[in-house]
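Hello,

Here is the structure I promised to pass on. Please open it and keep it in view while you read my notes below.

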Amino acid sequence: MEPKSIKIDAALRAELESDPPWMYPWQLAERVVAPSPGSELADVHRTRLEIIEPTCRRWLAENPEATVVDLGCCEGWFGHKLLEWGASRVVGVDVREVNIRRAELVRDHFGISSDRLSFIRAGVHDVPEIGEFDIVLMLGLIYHLEDPVGALRVSRRLCRGHVLVESQLTELNEPIEHGWGVAGEFLRSEAHWVSYLEPADWQEDEGNVTASFSGVLSLIPNRAAMLQAMAVAGFDELEVLATSPGQNEQFVGAHRAVAAGRAA
């Protein structure tokens, strides 16, 4: 159904008028777009989509009955895209009540069955036993966590096929030296992480709605660390997906990346 032919019900309209801003600029009706934050967030979403679409479409073409779980799904935007590309079923998982509420309102607004698109409120480390999926998405998630490797292990538990991990990356790709138990002797590592204390910019109980909760010490990998963590979690056939000119500068400049892997 085209957005211009759909009416906005009272519950969704009230949600559109409430805080916090929406993460995605949903086209809900002909002249109704969800009020998402400004800056370059929309361009990051566009680039994520452009990078993952060819790979996802290939995987889905190989398995017409493929199921998907989207960890850190927010309002379910990528779940809608995977259904459009051919997934048989998508489950979204997110820790925030506001995100799950909005995801369900948008799903119902577009008339999608809960059998095809469902949502669970849970933190990534607390995902219940919901089975295995052919594709696992972790987009914009691991660099907002204190235990990103543990989250990747959760994704491996849920995965019987492929995974896509998108992350912010640090600038430094040269090896660093660190001690390891003997005075005056040092090891060199190409894989390393930086810590970042998440600030609050909306409400104290929700933290930064576009990121993690306030007070979380997030760990951001460099490229080598992201791939190393995926391998340790149990994925192989690792590949950083290519970018194209005209996509968001963070991705083109290798300050963000999407990596694909297969459950080993």
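**Helices on the sheet**

Helix α4, residues 97-109, lies across β4 and β5. Its direction runs at about 165° to β5. Helix α6 (residues 223-233) also packs on the sheet. Helix α6 touches β7 (159-168), β12 and β13 (256-263). The angle between the directions of α6 and β12 is about 155°. Bear in mind that this is a predicted model.

**The sheet itself**

What is the strand order? The open sheet has seven strands, and they run β5-β4-β3-β6-β7-β13-β12. The pairing is mixed. From one strand to the next, the twist averages 20°.

Take β4 (residues 89-94) as a place to look. β4 runs parallel to β5, and five bridges join the two. Val90 stands opposite Leu117 of β5.

**A hairpin**

Next, go to β8 (residues 176-179) and β9 (residues 186-189). These two strands run antiparallel and are joined by four bridges. His178 has Leu187 in β9 as its bridge partner. Six residues lie between the strands of this hairpin. Gly181 there takes a positive phi near 100°.

**Helix α2**

Now the helix I would look at next. Helix α2 covers residues 41-62. How far apart should its ends be? At 1.5 Å a residue, its 22 residues should span 32 Å. The end C-alpha atoms are 32 Å apart, so the two values agree. There is still a kink in α2, of about 40°, at Glu53.

The buried residues of α2 include Leu41, Val44, His45, Leu49, Ile52, Trp59 and Leu60. Arg48 and Thr55 are also among them. The buried residues of α2 pack against α3 (77-85), β6 (133-139), β7, α7 (249-252) and β13.

**His45**

Is His45 buried or exposed? Its relative accessible area is 3%, which is under the 20% cut-off, so His45 counts as buried. The His45 side chain reaches the backbone oxygen of Met23 at 3.1 Å. Leaving aside residues up to four places away in sequence, His45 touches Met23, Tyr24, Trp77 and Phe78.

Best wishes

Conventions:
Residues are numbered from 1 along each chain as its sequence is written. This is a predicted model: local features need pLDDT of at least 70, side-chain atom pairs count only at pLDDT 80 or more; totals for chains, interfaces and linings use all residues. Side-chain values use heavy atoms; hydrogens and water are left out. Buried means under 20% relative accessible area, exposed over 50%, partly exposed in between (1.4 Å probe, protein chains only). A polar contact is a pair of N or O atoms within 3.5 Å; within protein, one must be able to donate a hydrogen and the other to accept it, and residues adjacent in sequence count only if both atoms are side-chain atoms. Contact means heavy atoms within 4.5 Å. Two strands pair if DSSP finds at least two bridges between them. Axes are lines fitted to C-alpha atoms, for helices over the stretch in contact, and angles run from 0 to 180 degrees between N-to-C directions. The expected span of a helix is 1.5 Å times one less than its number of residues. The bend at a residue is the angle between axes fitted to the seven residues ending there and the seven starting there.
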